[in-house]
Amino acid sequence: MRTAYRVETVRRAERELMARVPEGALMQRAAAGLAAACADLLGRVYGRRVVLLVGSGDNGGDALYAGARLARRGAGVTAVLLAPGRTHAGGLAALRGAGGRAVEAAGAEPVVRRADLVLDGIVGIGGKGGLRPDAASLAAIVAGTGAAVVAVDLPSGVDADTGEVHGEAIRADLTVTFGTHKLGLLVDPAREYAGSVRLVDIGLGGELPAEPELAALQHADVAALLPVPGGESDKYRRGVVGIAAGSARYPGAAVLAVAGALRGGAGAVRYVGPAGDAVVARFPETLVSDRGPRQAGRVQAWVVGPGAGDDAQTVAEVLDADVPVLIDADGLRLADADAVRGRTAPTLMTPHAGEAAALLGVAREEVEGARLRSVRELAARYRATVLLKGSTTLVADAGGAGVVRVNATGTAWLATAGSGDVLSGLAGSLLAAGLSALDAGSAGAYLHGLAGRFAADGAPVGAHEVAAAVAGAWRDVRR
């Protein structure tokens, strides 16, 4: 599991560790890892041109010490100083002692344009807002070159604690972060600016709290969550999920949600809605009812909303059930907020940014620009677990407190009609198998992302192909 912490937590841990190690030890550890990552990216260090963009803080010091190490290996290293009077003195002396040179930002454009690699040490993890004008102009120059860009700890101009980007920021090919991940490295839009992320161990692990602010599950974590039938299992013990979805206008939503549920490991699927014929034609094992959710038979969880149109009655009946419920798509619009808040059984809501914006009463752009804040606010407002779909899918537990899960397997190929319906059925099947809403949402998003990657393999696909690939994603995780 990859974990991330807030700036305040990281700094407190650094202070505690620095009190027990020699002065400057943490910066030297960071600089060594940073220089090694740059060398790996360059392939050959000797004779390469490296430019350091150096701000006034320790972030600039890390860049200078790393630049000194590269200079000692034969690179031509030039530091561009954005705050000459406040540059890290020890780092600058080390660079000059290794044969590097320093220039001021004014007039540095020709040096930057000739660089093979640019090291971004402008602003550290405490930076707020976008880059200042002098730094922003340098960032624009860097963007116009073919140089590889490496960010020190975090791309300058992005918010470490929120993943938000207000104004101009550095776009890196690689971010080398120290001690632990920062929230902004795992959450869009900031994640997009970070490129690949490499974590350098500086000995901080023992000083960090056991519970992070953000966690990204990996294969082993998801494998430990997935239900596997035993010798005494039958279809009912494996979990029966009810799917209340589809309409005359959107029968395909029902088919895709059922597909996700069956591929997700449900022992049985009960379908309620007007698309029964289409569902049975595709999946004859489905148990179909036309008598509404209350009389459909026993289920361990419900999925309601995909393609439901304006069927508010069905949504209300499902919310009244004393079993876990997943609400998606039209169900989010039709669900009574007080009914959701008043439920005693777990509730999992799965909006995309547009639906989340409507629920919060804000513009879609506000949700997309502040994903972490938005998912927490929704979870608090509705007292439900919320899975916010998008470029980085986030899952916040009911109430909005505690660890937020971020999914690392998403792919842009999942941006296709019906893909969310597949996810609803998949996560619903995991709810029916007994997983908590947080675990069902997290594991479902992880498998869904893998399925999207496997199905697409670099080419356009439809949601039905994503559904078919879920079994392969399950096998890959369990392997």
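S424 is found in helix α18, which spans residues 419–432, where helices are DSSP runs of H or I with at least four residues and strands are DSSP runs of E with at least two, numbered from the N terminus. This is a predicted model, in which local features need pLDDT of at least 70 and side-chain atom pairs count only at pLDDT 80 or more, while totals for chains, interfaces and linings use all residues. Residues are numbered from 1 along each chain as its sequence is written, and side-chain values use heavy atoms, with hydrogens and water left out.

- S424 counts as buried because its relative accessibility is 1%, buried meaning under 20% relative accessible area, exposed over 50% and partly exposed in between (1.4 Å probe, protein chains only).
- Not counting residues up to four places away in sequence, S424 touches V303, P306, L326, D328 and T350, a contact being heavy atoms within 4.5 Å.
- A445 lies in helix α19 (residues 437–456), and with a relative accessibility of 6% A445 also counts as buried.
- Apart from neighbours within four places in sequence, A445 is in contact with L387, T393, N407, T409 and L423.

**The open sheet**

- Seven strands form an open sheet with parallel pairing in the order β4-β3-β2-β5-β6-β7-β9, two strands being paired if DSSP finds at least two bridges between them.
- Its edge strands, β4 (101–104) and β9 (196–200), each pair on one side only.
- Strands β5 (residues 117–121) and β6 (residues 148–152) run parallel and are joined by four bridges, and the bridge partner of D120 in β6 is A151.
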